[in-house]
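Dear colleague,

Please find below the structure that I am handing over to you. My notes on what was found in it follow.

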Amino acid sequence: MVKRWQHVWRLLALTIVTALTLTGCGDPTLSALIPSGPVAEEQLTLIKLSLFIMVGVIAVVMFIFAYVIIRYRQKPGQTGIPEQVEGNTKLEIIWTVIPIILLFILAVPTVMTTFTLAKDYSEEEGAVNVKVTAHQFWWEFEYPDLGVATAQDLYIPTGKKIMFQLTSKDVVHSFWVPSLGGKTDTVPGLVNKMWLQADKEGVYQGKCAELCGASHALMDFRVVAVSPEEFDSWVEKMKAGPAEPTTATAQEGQQLFQQNCLSCHAVGGQGGKLGPNLTAFGDRQKLAGILENNPEVLKQWIANPAQFKEGNLMPSFEGTLSKEQIDALAEYLSGLKIR
Amino acid sequence: MSGQVTYAGRKGLWDWLTTVDHKKIGILYLIAGGIFFLLGGLEAILIRIQLMYPNYDFVGGSTFNELITMHGTTMIFLAAMPIIFALMNAVVPLQIGARDVAYPFINALGFWLFFFGGLLLNLSWFLGGAPDAGWTAYPPLSSGHDFSDQGVDFYVIGLQIAGIGTWIGGINFLATIVNMRAPGMTYMRMPLFTWATFVTSLLILFAFPAITVSLVLLMFDRLFGANFFDVNAGGNVIIWQHLFWVFGHPEVYILILPAFGIISEVVSTFAKKRLFGYSAMVFATVLIGFLGFMVWAHHMFTVGMGPIANALFGVATMLIAVPTGIKIFNWLFTMWGGQIRFTTANLFATGFIPTFVMGGTTGVMLSVPPADYQYHDSYFVVAHFHYVIVGGLVFGLFAGLYYWWPKMFGKKLNETLGKWNFWLFFIGFHLTFFPQHFLGLMGMPRRVYTYQADTGLDLGNFISTIGAFGMGLGTIVLLINIIVSIRKGEPAGADPWDGRTLEWAIPSPAPEYNFAQTPLVRGLDALWTEKMSGNGKMLPAEPLGEIHMPSPSVLPIIMSIGLFIAGFGFMYHNIPVIIGGMAITFICMIIRSLVDDHGYHVKPKELEDGEKGVKA
């Protein structure tokens, strides 16, 4: 029996070590274990503090556990009756009081950080306000103070507090960028607030964390953290809008776009808000959050969006537009760049 | 409803459909719960196959959502709860020296309501698709017709019917434990499993009305065009989350407390020692039950309740660690100094301890709101609650099953197969769920049907799926074990484990009337007390006399079928079917109210014959 127990623990330990060495702490743009901003860092500090306390507790329990199941196994031929102990007041007080002390050590920083992370910086100088509206299955980002709107790729300046106002157009979603900080739900009819900050430039992966329908798993977005100067210039260019298309095909694409797509999608100041804003579509890291952003995939998407993202609202254009028209549209959209 | 039919005169299927005997109802619960457990397990395996590789195309997103919804709903409401009720029915009346439960008719009704509610829910697979909004069914995903199809109707109606069954079952056990204890069985002499049943029943009594109300709101939104959860019409979707978790968090303790009770019995029996710190254990059980009602909002830290509510609910949640810790150490010190026998039952009970400690400690980690912003709705949470519910509850149920199987069926389960069952399930379990802690922290949200390649999530998911196969194999071994036991199991005798509590004082399986003479309880661990200071037999508290027994009745199953039919009427807006179904139920209620049922009596002569029969 002892050998079996050891076997289990060895196997477990081996699994853990293999898992950790092979994957490290995960993808640095996705993992909560590799923080890239103060919010994620504070949260990781609390995770570590609670983990260390708890590993201590587990170690004590495991030690007593291992001792007991080895030492007090029934030996062959053992008879007689062990002493029927009722209890031990001293011991029972010890294992009541020590956990209370441990919890107190954990509770104090917990409460402090809970309030720190709930601060509202929306009026503060230098903070960037972003209104996030979640849709099945994409993200809309507006900068109310800057007069700019975009979707799927959220641009933020490094080193500044980004104050989010989060809501949803349809069902409950949850806005989560693990390497920058924890999540906050986007609830229809309510506006939640949260702040995040990126210290390093880079592209971070964002996820929807609340079950929201068939394509919940595909509701990814990106946070592009750039230097404050680059951010300012991005804002200016967004306001100016993308350059007019130059090739003939792209111009035909633009016309088709205005006839077929504008009621749902906006480019520049014009267009509907039912679908993602496409002003800087050509700059997008990913198409629809998950696919490679190139004209070939885009053509397939336009022809039949449901094959990539089940349950999304965009209709199929396979029957409405000819192959050449879809090609033209794709060329126009891929050319919508400002960076 | 003849008053003259005796035990020996009833046989076959009809007997099972009309029985009001708590032991038989226990077996019915075990069979139905077991089948649903296999179904939920199959769904789990399909889920894990889909997640075995990144961007794997085994089932699509919508089927996956149906699978996770049905897996969660089935496992909690249709597998775990009924198997708990199976053990409660099989054991509690015996442990307190009672001849039956307080309301045998209600007991049967509770089972049939659960069964037909569960059946209705699972028929959704064949009638247009299963519910797909998660077992938590957050609106508006669950309430709006734009977002969900008819599956959620099955969830609403099925759970409502099953929930009534659970609720009256809880009331029945409360009344039983309060009123029907044998002379001398004071509250502070009750075995821990009975105590756990008592507190669990109290939680059921107060928690289930909350889910009833939330389901009614959802039903009105879905079926009758109400707007409780329609934001555009002034509704509020957060109300559901509060109501659901006001039920949902106590539900976690409804599930785990009976497991605590089982572990207390098994550990103590197989260490040959009385439970260390009995009064502290009782106190901790009650305290956990009480605190369980105070912490529901820790499921909602990211909803936007504000820092004050988050901090309060966080700290309140941490407090639960204290009574839980008391329990863990009391179990360890029960074994300390004992002579531990590692039967399969005790393997599951000892395996429970480290596993549950891990689930409990991640629970404390989750109670830290700012950290929870990272854990919430990620695979970390999935790992946590499976450690608590599988590593805690299911290990406890398996321990209880191997421990009380002889009492229920008169035959032991095979120990060799039992050990295979344990090791496959135990190793499989840790392989499945341990890596999920890391997957969550590395950015994998829960309830996703797939994940992208090259995001560091491949290996953990692959290991997890392999582990799930291990748990599946363990469960298959259990099934084989059950078949082997039924075919040629070793006869158990009255007291196969050198037991301590009253149920081991009577033959296995227990006769219909349980105790020919109500026993006199002279101490904690009633039977052990007699083994130590008497002749090892319970002293009778009454002379041998006629025993009054309740008559079997077909009404419970018909009443449940009535609601089952009316449920379909509601879902398909068919008014004649609604009226017809409700009429069946109400007519049964009227019959039950107006027709006197005096039960029947077992004569002392029959009792003596029965006793002889056992000896021979």
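How many helices and strands does the secondary structure of chain B come to? Chain B has 19 helices and 4 strands, where helices (H or I, at least four residues) and strands (E, at least two) are DSSP runs numbered from the N terminus.

This is a predicted model, in which local features need pLDDT of at least 70, side-chain atom pairs count only at pLDDT 80 or more, and totals for chains, interfaces and linings use all residues. Residues are numbered from 1 along each chain as its sequence is written, while chains are lettered from A and ligands numbered from 1 in the order in which they are written.

Regarding chain B, its radius of gyration (taken over C-alpha atoms) is 24 Å.

Helix H1 (residues 2-23) of chain A has the lowest mean confidence, 62. Where pLDDT is low, the predicted coordinates should not be read in detail.

Strand E8 (residues 192-196) of chain A has 4 of its 5 residues buried, so it is largely enclosed by the rest of the structure. Strand E5 (residues 162-168) of chain A runs antiparallel to E8(A), joined by 5 bridges; strands pair if DSSP finds at least two bridges between them. Ile162(A) is opposite Leu196(A) in E8(A).

Yours sincerely

Technical notes: Buried ≥ 20, exposed ≤ 12 C-beta atoms within 10 Å, placed from the backbone. pLDDT = per-residue confidence, 0-100. Rg over C-alpha atoms; globule rule 2.2 N^0.38 Å.
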